[in-house]
Amino acid sequence: MKQKLLFLCGISFFILLSITALSQSKTITGTVADSLGNGISGVSVKVRGRARGTMTNIKGFFSLQANTGDILTFAAINYEPQEINIGEQNVINISLKIKSSELSDVVVVAYGTQRKVNVTGSMVTIDSKQIEDKPFTSVDKALQGAVAGVQVSSANGIPGSSTDVIMRGIGSITAGTSPLWVIDGVAATTGDLTSNTTTSNALSGLNPDDIESITPLKDAAATALYGSRAANGVMIVVTKKGKSGGIRLNATAEIGYNKIAHTNKNNRPMTTLENQTVLRESLINAGYASNNSEADELIIDPENGLGFDSNWTQTNTNWLDAVTRTGKQRQYNASVSGGTEKTQYYASAGYFDQDGTTIATTFKRYNGSFSLNSKVNDKITFKLGVNGSTSTQLSPLGSAAYGSPVSGSFFLQPWFSPYNSDGSLRYGDAEFPNGAQFNPVAIANFEKQNAIQTEFRGYVSGEYQILPELKFTSKYGAEYFDINEYQYWSPFYGDGFNDQGDGFAVYTRLFDWTWTNQLNYRLNITHEKDIYVDLLGGTEAYRITNNILEAGAKNFPMTSQLFYLASASTPTTAYNLPSAQSMNSYFSNAIFNFKDRYIISGSFRRDGSSVFSQGHKWGNFYSAGASWNINEESFMKYVKWINLLKLRGSYGETGNTNGFGYYSALSTYSYGYPYNGNPGSAPNNVGNSNLTWEKNKQFNVGVDFSFVNDRLGGTIEYYKRVSSDLIVAVPLSPTSGFSGGQNENVGSMYNRGLEFTLNGKPVVSKDFSWTINFNISHNTNRVTKLYNHSPISQQTRFEITEGHDIHEFYTRLWAGVNPDNGSPLWYTDATRADTTSNSSLAQLSLTGKSASPKYFGGFSNIFQYKSISLDIDFYYNFGNYIYNTWENYLSSDGLYLGSMNQMSTELNAWQKPGDRTNTPQIIYGGNKNSNRPSTRYLYSGNYIRLRNIQLSYALPKIVLNKIKLSNLSVYVRGTNLFTFDTDKYLPNDPELGASSIQDFQVFIPKSITFGLKVGL
């Protein structure tokens, strides 16, 4: 028995010894690299199920003890984890696939945040580096060229002026076309809130340096949760917040100057001697003189001629130089932030000061902000934020007003001088009489036109974590605007001369609030939590009140020191009328995620608005979206060069109530119609009880991709948005007394287009990198339905017509100049089959040329060499046309010659048979109405602009550590430095806003600034 036991023990010992030998520990070595073969440092290498592990060194090398049959796990930040079974090998070399940001990033969306992998809509996030420190008065101007599908242009160069932001085409005829701006989760009031100022911008009170990110939401899946206000897209703005850690202090100082961005020497106001040449020619061609000597005598003849001063050619004033300037520009910003794991804070202050390109244009802003996030306990979080500013904007008279400095620079004769021989201002004499084009230099000294805007935006919110998967959030946000405008016309000279001075004041007080309550719930379907549904439900209340007070007076003291209304003797205007609008809403959203591969989303919102009548106050808006993260499929796991491949699509309906008034649907009366000395009222709006929301149905499909460790990525998208129930004024019988007609939902149009975005890193090395970003957009607009199929004529150069672009120009069709006799030629109609020299026989026609570009976008390069970086951004715009409103006065072929300055293209006029030119023969008194509005004054709007170039140097970390700073950098920046346009005769800057109409706007500036950034 003992022998048997010893035998069994021996066998057991032998088996145990064999197992031990088979599973004995051995050294495993190897390297971990990326897809390009570069070693990855800091990779965690562990034996699964054992407390055994190590990290790779700087070259990606590792070494550790493991047993045959063990499983090694490899994990690193930004890379997908990998597991390897250990066999007989002792060396294991692997490469890790970079983790798609689609899986890890969290993005801001409607009413919260979500993982990027769950996004089915069209959106792009712009971070603070693309916004802060730019020399722009408002954040919307900094978006130009940054996002495909978002067209940003400034119609005016006045500092603090409004900006046209069009997302995926124009979607309305009479209502608003701008996107909804949501700042820190609260819908914001934007646009021009002034009544009398040339142009202003509510967003100019928000310091771009305080913004953390902007996310344009473009399709229905992204915007439908905002329902009736989302038809034109949504801009989600997040301001900067504090982060846990030590105190961080940052400061920026920037100074520089600006001047006119673009002029054209080929089409400019003529000089005095050039005027003399053309005047001689025009008098000879008209038969008033037979040679230059006779023409010169006629020009100075006070009885039978033009009566010019005998020394008129001795003066040559460049009025453009007289009314423009090199203006100063400066801004200073400082912020402090920090906090603990439970409480974080951020506070900032800033100052911005910019002179416009013309006299009497300035903008100055003081601003501050504060935010606080506090986690009271594991369930309750409290947040608040407020930002405020006060700004002063000075702006001149606009368009062709007699006192406008811009129109004066074109209209005024160069033989006039703004100053007398003793240096005093010249006004009220034969050259600058009242009731004609004024001396703009004198007007700038005598008159005042300003707006002081004070605004506050703020929010307070609380979050309660009811369950680990269920959270309740309540947020209250509000805005307050206080705007004081004042206009004073001097009794000495100008528009106020006949009234012995004229003053007009407007006080606007606007307040709005939004209260949102919502529940977020995650339903995990599987134990692994890789299949789940995110649910959102909420309610929202909104109200806005607007109170305007106006007053005017005339007969001021004969001194420029007493210019307030209290100094005037005769009141002329008194007006006050508050208005209000409110809305209640219910909204919901659901996102189904199947293992990060298949995503389905849906949203629904119901809005009730005070704008509409009973029976039409409520509207329903919705969206559905889906995405397929192809790169997450098992068959893609071994395709290491593809980091992201995502197909997504969406469809939904949103609404538009912006831009047609609080009471358009109601039949209203207005007082202010006195009768026999007694107060009286009269109907002022016919109303329409059936009026409802304009609707916008949008389909979107897109592909997102990223290859080779995110070295190359981008997006391709196709969209079609159909706008229906567009509000149009339908004509009524003149006997109704409502000449403006009645608003009805009778129009429709569509926009469809393609967007392409490409991001690349052609060079990435230890000391040098090169990054490229490119986007291009193409949009087609067509009006598909109008009331009775009848075109809608507008006071501008457009006629809205079915089957045509809403911004297609409508005017006579210019056919050029008859080379045989120098007479003007027009096409008789849109067929362009016949021509005529009789302008009365030339029909007004649609031109086939639109103010909207066919293609636009941006192209940027970032070069980084050690501590030196160079950023270069271009913006381009192709396929649109520009109409020069007043050029028919300035290129009049003799009609206004002598009384107004003319453009230099008049020097190219027809001289003899056979000449081929676009300028008819110059004849004093005009050449067969050749200057009547036509496509002669329509120019190509194609241009490429060097939007931004910045060279900066940052101190290396080793130096910063020694001087106890977190960062220190200096930079020089140029904005709008060069503009390349394709039409060599375009007389103005090609950037003119969405309408592409030149109306003597203040010139767009180019700036050169120098800056210093310091962080502690």
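Trainee: Let's start with Glu-274. Is Glu-274 buried or exposed?
Mentor: Glu-274 is buried, at 17% relative accessible area. Buried means under 20% relative accessible area, exposed over 50%, and partly exposed in between, using a 1.4 Å probe and protein chains only.
Trainee: What should I know about the model itself?
Mentor: It is a predicted model, where local features need pLDDT of at least 70, side-chain atom pairs count only at pLDDT 80 or more, and totals for chains, interfaces and linings use all residues. Residues are numbered from 1 along each chain as its sequence is written, and side-chain values use heavy atoms, leaving out hydrogens and water.
Trainee: Back to Glu-274. Which side chain meets Glu-274 in a salt bridge?
Mentor: That of Arg-268, at 2.8 Å from N to O. Arg-268 is partly exposed, at 26% relative accessibility.
Trainee: How many salt bridges are there in the whole structure?
Mentor: A search finds 36. One of them pairs Arg-973 with Glu-254. Their closest N and O atoms are 2.9 Å apart.
Trainee: Which parts does the pair of Arg-973 and Glu-254 tie together?
Mentor: Arg-973 is in strand E48 (residues 967-975) and Glu-254 is in strand E17 (residues 245-260), so the pair links parts 719 residues apart in sequence. Strands are DSSP runs of at least two residues, numbered from the N terminus.
Trainee: And are those two buried or exposed?
Mentor: Arg-973 is buried at 3% relative accessibility. Glu-254 is buried too, at 1%.

Conventions
Salt bridge = Lys/Arg side-chain N within 4 Å of Asp/Glu carboxyl O. Helix = DSSP H or I, 4+ residues; strand = E, 2+ residues; numbered from the N terminus.
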